[in-house]
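Subject: Structure handover

Hello,

Here is the structure I promised to pass on. Please load it before you read the notes.

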Amino acid sequence: MSDIPNSGFPTSAKCVVIGAGIVGNCVVGHLARLGWKDLVLLDKGPLPNPGGSTGHASNFIFPVDHNKEMALLGEQSANQYRDMDLSVDSGGIEVARTQERMVELQRRMTSAKAWGIEAHLLTPAEVKEHVPFINGEVILGGFYCPTVSVVDSLETGTTMRKEAIDKAGLQVFANTEVLDVITDDTPRPNGRRKVTAVETDKGTIEAEYVVIACGVWSNRIAYMADTYIPLVPAVHQMADVGPMDILAETNNEIGYPIVRDMDTFCYERQSAGSMEVGSYAHRPILHHPDEIPSNAEAALSPTEFPFTPDDFDQQMEEAIELMDMLGDAEIKYAINGLLSLTPDGMPCLGEMPDVENLWSAAAVWVKEGPGMGQVVAEWMHYGYPRVIDSHGADVARFYDEEKSDEHIWARAEESFNKTYGIVHPAEQWADRRMLVDSPYRSRQEALGAEFFQARVWERPQWYTSNADLVERYGLEERKVEWDNRWWSPITVAEHLNLRENCGLIDLSAFQIYELEGSGAVEFADYLAVNKIDVPVGRSVYTPWLNADGGFHSDLTMMRMAEDRVRIVTGVFDGGRDDFWVRKHMPNDGSVTFTNLSKEISTLGLWGPNAPAVLGQLTDQDLSQDGSPYGSYLPVTIAGVECHLFRISYVGDTGWEIYVPWDQAPSVFDAIMKAGEDHGLRVTGGGVYSLSGRIEKGYRLMGAELESEYNPVEAGLARPKVKAADFIGKEAYLAAREAGSEVQCVTLIVDDNVDSQGRQRFMQGGNEPILDLDGNRIVDSHGRASRVTTAGYAPSLGKNLLMGYLPNELAEPGTKLQSMYMNELYPCTVVGPGSAFDPDDTRLKS
Amino acid sequence: MLLVVLEHERGELVEAACEALTFGRVLAAKMGEDLEAALIGSDDDALVAAAGEYGAETVHTCTHDVLSDYGPDAYGAVVAQMVESLSPEAVLACGSDRGNEIMAQAAARLGSPFVANCKDVTPGDAWSMTRVQWGGSLLEDTAIDADVALLSCGLHTVAAEPGGAQNADAEEFEAALDESHAITIVKDRVVQEAGVTLPTAPVVVGGGRGVGSEDGFAQLEALAELLGGRVGCSRAVTNLGWRPHSDQVGQTGTRIAPEVYIASGISGAIQHWVGAMASKHILAINTDREANMVVKADWAVIADLHEVIPAITEEVKRRRG
Amino acid sequence: MKILCCVKRVPAPGAKINVTADGMDVDAAHLGFTTSPHEECGVEGAIQLKEEHGGEVTVLTLGPGDAEEQLRYAASVGADHGVLIATDGTAYDPQRTAAAIVEAVEELESAEGGDGTEDGEFDLILFGNESADAGGFQVGIRVAHALGRPIVQGIKGIEVGDESITARREIDGGFEVYELPRPAVLGVKEGLNLPRYPTMKGRLASKKIEIQSMEVDADEGGQSRVRLHRPEEQISETVILGEGPEAAAAVVDVLEELGVL
């Protein structure tokens with residue numbers, strides 16, 4: 001039955017959601033649950049299947065993912081499907097054909113434990129008990145997850161839509177093509193435009209909010225508003241083969257667990273009497289949104305492209321090898337189905353940075369649909385999602401260099417075959433490198449820099465020119481290849497040299513902004529928890545909170561002048577922080593906002609010899625009195641006007657030196673020359689971001705700091721709260737009042753030798769922290785204790801972990817365990833402070 | 001002269017022949033030529049007279065032992081021989097199965113082009129025509145270079161309409177035929193169904209995938225029977241094995257032309273539409289008011305066919321008392 | 001029994017067919033290609049005859065190099081050989097198509113016997129009644145005539161005897177029966193059978209079949225394309241009689257008005 005109310009076409013609405021696939025339907029459903037009214041849902045196709053990717057989705061959810069956002073939103077989504085009774089727990093098995101994959105399955109067991117998902121490792125014979133028609137000869141084992149589910153995404157969409165019709169009077173218009181998304185382009189100080197209306201072939205609707213939930217078409221709609229959602233429609237091939245008696249006899253849509261043949265990038269999923277064979281192994285086949293035909297032009301649905309059998313043949317051979325019965329079954333239906341890929345594999349959710357009230361709910365697959373619908377609805381309603389921290393999916397995360405077809409296509413081509421791949425946590429992209437580099441690039445290359453990319457910014461991770469230090473400190477490669485991958489003992493050597501002498505670190509990827517104007521300081525104070533209205537020349541480290549009091553950012557702000565405040569933040573958060581400022585800044589002309597990231601380069605000089613090195617280049621008093629911690633002083637180095645900022649993220653004394661981009665190389669050269677007799681070495685980001693930081697227990701945005709935790713829990717609350725209002729103040733005061741039931745702590749791994757007698761070096765994060773009985777530790781909010789950062793501490797010769805623990809387990813000396821690659825390692829709580837130099841004597845020297 | 005090839009069955013001109021005469025009458029006028037007809041396998045005066053009512057001045061009749069029943073070889077040979085001895089400017093048949101077959105047979109013998117399923121023909125030194133492709137969803141403008149224009153007009157392109165009545169003369173045509181032409185003669189004829197058939201039914205109740213199952217067609221059968229009509233179906237339904245192919249309406253099935261086509265649960269894919277588009281009226285029943293069939297119909301009911309069809313059946317019964 | 005089945009590669013369109021800018025072809029930019037439906041039944045029919053009587057099935061197409069896809073598809077459901085008469089990609093007129101096929105068949109038949117004996121002859125050649133796209137209704141007939149073999153169109157049933165082939169043709173309300181001496185040619189129609197889908201093993205095996213490529217010179221015929229275009233859309237105002245079963249009375253009013261009650 002048609003669920004379209006019999007009314008005229010509206011001329012205005014509070015919110016127009018474009019796209020009636022799983023995502024659009026879930027967004028309207030969740031907005032209705034939050035009490036929103038006056039909603040309109042549009043789709044250019046018919047209902048209930050408008051012809052997007054939802055209509056041909058494979059509809060299964062494997063709940064285990066190494067990525068926290070994806071895992072928890074997958075679980076959240078699976079539960080919503082279950083609540084609607086539109087889901088069947090079929091179970092699922094990931095089978096391994098290679099030893100490397102067996103190790104990966106151990107890693108998946110670890111992630112399953114972290115998220116509290118039941119999982120078992122199976123022998124080939126045990127796999128066969130679940131899936132009698134599998135060829136046990138070609139597999140080494142399997143990872144079985146009984147809560148893998150198959151969902152009815154179309155019916156779920158209909159149910160959510162009906163709920164919104166009932167609760168909020170949602171108006172639905174199928175077969176309605178959006179022709180334009182109209183924005184108010186009156187120039188505003190924050191540089192943003194505002195969405196005002198949606199023009200369709202049935203009329204124009206003035207709208208306060210517009211949500212783009214158009215799946216593979218999302219960017220076509222974004223273009224209409226002159227903005228950009230970085231996603232590309234990509235082919236996922238699948239074929240339906242059958243019928244087969246053994247499947248038909250189950251009399252079920254799905255009677256056998258789904259099998260993911262991980263090493264061939266292929267899955268087999270029962271679909272009534274047939275088997276659906278899907279592949280991520282074929283060559284990447286990407287399309288432009290404008291190549292997608294209309295519903296009328298398409299032979300099947302618009303997103304079911306003609307099957308290209310040559311691309312699938314290899315998969316067929318492998319599928320038959322795994323399940324011989326597939327070979328004699330008929331291929332009844334086969335498509336090149338379109339799905340959405342993004343440059344970094346994460347969805348695109350949130351408000352468009354350049355267009356106010358235009359929201360993206362794109363690049364979401366069926367497995368995350370309801371959860372992400374909830375995320376977007378909550379984000380619109382509360383200002384930030386409550387269900388989970390979604391910074392990894394935030395559409396504001398992208399830099400301009402990431403918003404081009406060239407970039408997305410290259411990244412999608414490279415990542416497509418990693419869909420089932422074994423991806424190392426530190427894995428680097430091969431293509432689209434050197435998009436943004438620092439002023440020192442030629443010098444770094446000469447020094448043999450191994451570059452790691454932070455979004456689009458290149459940073460040396462270590463320098464092969466420092467290989468001699470490896471010998472000096474008697475260091476070795478790691479025994480286990482996985483631990484050694486994307487790593488070098490040079491990074492340990494650079495760390496030890498910095499602690500012994502000093503190191504020069506390129507921090508040019510810092511994102512630097514300035515607020516200026518009569519309202520700059522007042523606005524800066526509105527953003528920050530800590531007081532920004534401090535004397536000129538002082539800096540303030542401060543969290544930025546969302547309205548609920550969780551972390552939005554942590555960064556440094558400097559009072560440059562009476563009416564000028566500088567903001568320095570990390571490269572991974574630049575886009576989000578830039579957007580956050582623009583979103584909140586007053587548009588009355590009292591504040592201007594400038595991005596200086598490519599005008600100011602930053603060098604970090606740290607180590608016991610740092611004052612001696614710098615002392616040769618300036619007359620500035622570099623003592624703790626003359627250049628106190630947190631001070632921001634103008635100096636001239638090698639004839640260049642610079643600023644010295646006394647701070648340290650590595651635990652040794654020294655400075656961040658802010659240098660004009662164009663003149664930066666000469667400053668670099670001068671420092672290196674001055675350091676020649678003081679053991680100064682160029683030092684990579686491995687020391688800055690990880691080993692130096694973790695020895696000191698410094699928290700990192702996106703790791704320890706997320707919207708799910710507040711400053712009290714993170715141990716970053718100051719004794720007093722400033723008088724001025726700021727975002728999240730009310731919630732922050734309440735959190736202080738309530739006290740914290742958890743603490744952010746460092747743990748030391750007491751013994752890192754695995755069952756095969758090999759030393760292991762934990763990395764990655766998200767591994768569970770367990771009690772001595774091997775039980776998960778979960779707080780009253782349902783937050784599990786897990787590794788937020790793991791790393792080797794060269795100065796201690798130990799592996800360190802960071803994470804949140806309930807107060808009773810956070811006491812220094814408490815014995816716990818952590819899991820890594822499905823093995824348990826004993827560890828001891830250090831406490832909320834530093835494992836190395838807890839009294840900060842080195843900082844004060 | 002324009003020569004129209006007449007199809008006949010059981011002593012009567014078939015509808016297709018009348019369409020060809022109607023189309024031919026207009027074409028002959030455009031050519032400024034006489035309209036004549038070829039009656040093969042019969043010299044029945046009644047058929048000659050019937051052709052006259054459509055404007056044929058002369059009917060060339062041809063009878064022979066090997067023309068005792070339909071046979072494409074023999075029929076094609078007769079048309080080819082008529083071209084050779086009567087020298088018409090053009091020969092036209094209706095684009096029915098037989099019409100196209102006879103014309104192609106003749107064309108093969110004459111080594112001339114044959115343009116099937118024309119919608120519009122422009123005579124001249126070089127003939128050009130618009131013909132249907134893809135069963136009618138696409139048109140092709142084409143031109144021929146030939147001594148004689150061999151054509152068929154698309155089935156149901158025009159409605160048969162008598163006109164320009166003539167007292168047609170019958171002229172016997174002596175064809176050179178022998179036993180070798182009987183090679184493809186009809187040996188047997190089997191009647192499978194008595195009464196109204198899908199191509200001739202005044203009412204067709206069509207069902208698509210939306211019917212849901214083989215059993216779901218029972219409701220359609222009931223309504224069709226009540227209205228003296230037949231059940232038709234889409235290609236999807238035949239492929240699912242719910243109905244025999246002989247019920248399929250479409251480009252590769254039967255082309256229907258009923259007074260009213262009740263299309264239920266049919267989205268209106270091109271393959272189906274081209275078989276149904278000659279219907280005089282279309283009434284669509286669909287849950288999707290934007291379905292192609294609904295958009296193209298004269299009337300539509302937005303409903304689940306399984307609710308509304310039984311209701312229609314009941315209403316018909318009630319009114320009939 | 002040796003059977004030849006001639007197939008055509010045609011686009012698989014949706015509800016709306018677009019034409020290329022020059023008007024000379026269907027815009028297949030986002031369309032897949034398939035075998036014309038009648039011919040798909042022809043391939044299935046040939047394979048069923050082979051399964052019943054033994055022998056070999058050869059599938060032949062005339063078209064661009066990509067038409068190999070349709071030959072492989074036929075091989076994946078059981079055809080033994082594939083022959084591709086390569087064109088330059090433009091649409092051949094029916095006479096030219098027929099002439100090229102005739103030349104190819106003659107070459108295949110003389111080669112297959114090795115010494116040109118009748119052993120090389122195809123006992124049965126199958127065409128589709130008409131192609132899904134151009135729908136010229138004549139290529140099979142022209143080929144049969146040139147080869148001096150009998151042909152009947154519109155066939156929905158085939159039985160093979162020692163000397164003859166019995167074919168059924170659907171007519172309004174029943175069918176006609178034809179009996180043709182071998183070798184013969186038939187134009188078959190969808191409904192002859194329900195074609196099978198390829199199996200995965202069939203698909204993989206089809207990759208190993210050698211496709212014989214032939215180059216044939218055939219003169220253009222007397223018909224030439226000027227352009228393709230879409231018919232004018234019939235814009236009809238659809239009168240919505242109602243929603244749900246309550247609309248039944250309005251429906252019967254219409255039927256009454258039309259006089260079909």
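Below are the findings, taken topic by topic.

**Ground rules**

This is a predicted model, in which local features need pLDDT of at least 70, side-chain atom pairs count only at pLDDT 80 or more, and totals for chains, interfaces and linings use all residues. Residues are numbered from 1 along each chain as its sequence is written, while chains are lettered from A and ligands numbered from 1 in the order in which they are written.

**Domains**

Domain bounds come from an automatic or database domain assignment. For chain A the assignment gives domain 1 (12-52 + 155-230 + 344-402), domain 2 (60-66 + 84-151 + 233-337), domain 3 (428-509 + 603-702), domain 4 (511-595) and domain 5 (741-845). The C-alpha centres of domain 2 of chain A and domain 3 of chain A are 47 Å apart.

Chain B is assigned domain 1 (2-184) and domain 2 (203-320). Their C-alpha centres are separated by 34 Å. Six residues from domain 1 of chain B and seven residues from domain 2 of chain B make the contact. Contact here means that the C-beta atoms of two residues, placed from the backbone, lie within 7 Å. On the side of domain 1 of chain B that touches domain 2 of chain B, two residues are nonpolar, four are polar and none is charged. The classes are: Ala, Val, Leu, Ile, Met, Phe, Trp, Tyr, Cys and Pro nonpolar; Asp, Glu, Lys and Arg charged; the others, Gly among them, polar.

**Chain A against chain B**

Five residues of chain A are in contact with seven residues of chain B. The chain A side has three nonpolar, two polar and no charged residues.

**Strands in chain A**

Helices (H or I, at least four residues) and strands (E, at least two) are DSSP runs, numbered from the N terminus. Strands pair if DSSP finds at least two bridges between them.

Start at strand E2 (residues 39-42) of chain A. Leu39(A) and Leu41(A) point one way, Val40(A) and Leu42(A) the other, and all are buried. Buried means 20 or more other C-beta atoms within 10 Å of the residue's own, exposed means 12 or fewer, and partly exposed lies in between, with C-beta atoms placed from the backbone. In a regular strand the side chains alternate between the two faces of the sheet.

E2(A) runs parallel to strand E1 (residues 12-18) of chain A, joined by four bridges. Val16(A) has Val40(A) as its bridge partner in E2(A). With helix H1 (residues 22-33) of chain A, E1(A) and E2(A) make a right-handed β-α-β unit. Right-handed means that, with the strands pointing away from the viewer, the path from the first strand over the helix to the second runs clockwise. E2(A) also pairs with strand E9 (residues 171-173) of chain A, in the parallel sense over three bridges. There, Val40(A) stands opposite Gln171(A).

Elsewhere in chain A, three strands form an open antiparallel sheet in the order E3-E8-E4. Strand E3 (60-61) and strand E4 (87-89) are at the edges with a single partner strand each, so one side of each has no neighbour in the sheet. Three bridges join E4(A) to strand E8 (residues 149-151) of chain A. Asp89(A) has Ser149(A) as its bridge partner.

An open sheet of ten strands runs E12(B)-E9(C)-E8(C)-E7(C)-E10(C)-E6(C)-E1(C)-E4(C)-E5(C)-E11(C), with mixed pairing. Strand E12 (186-191) of chain B and strand E11 (211-214) of chain C are its edges; each has a single partner strand, so one side of each is left without a neighbour in the sheet. E12(B) pairs with strand E9 (residues 174-181) of chain C in the antiparallel sense, over five bridges. Arg189(B) has Glu176(C) as its bridge partner in E9(C).

**Chain C overall**

Chain C has six helices and 13 strands. Its C-alpha atoms fill a box of roughly 75 × 45 × 40 Å along the principal axes. Of its 261 residues, 53% count as buried.

**The end of domain 5**

Is Ser845(A) buried or exposed? Ser845(A) counts as exposed, because 11 C-beta neighbours lie inside 10 Å. Ser845(A) sits in the segment after helix H22 (841-844) of chain A. Leaving aside neighbours within four places in sequence, Ser845(A) is in contact with Pro608(A) and Thr653(A).

Best regards
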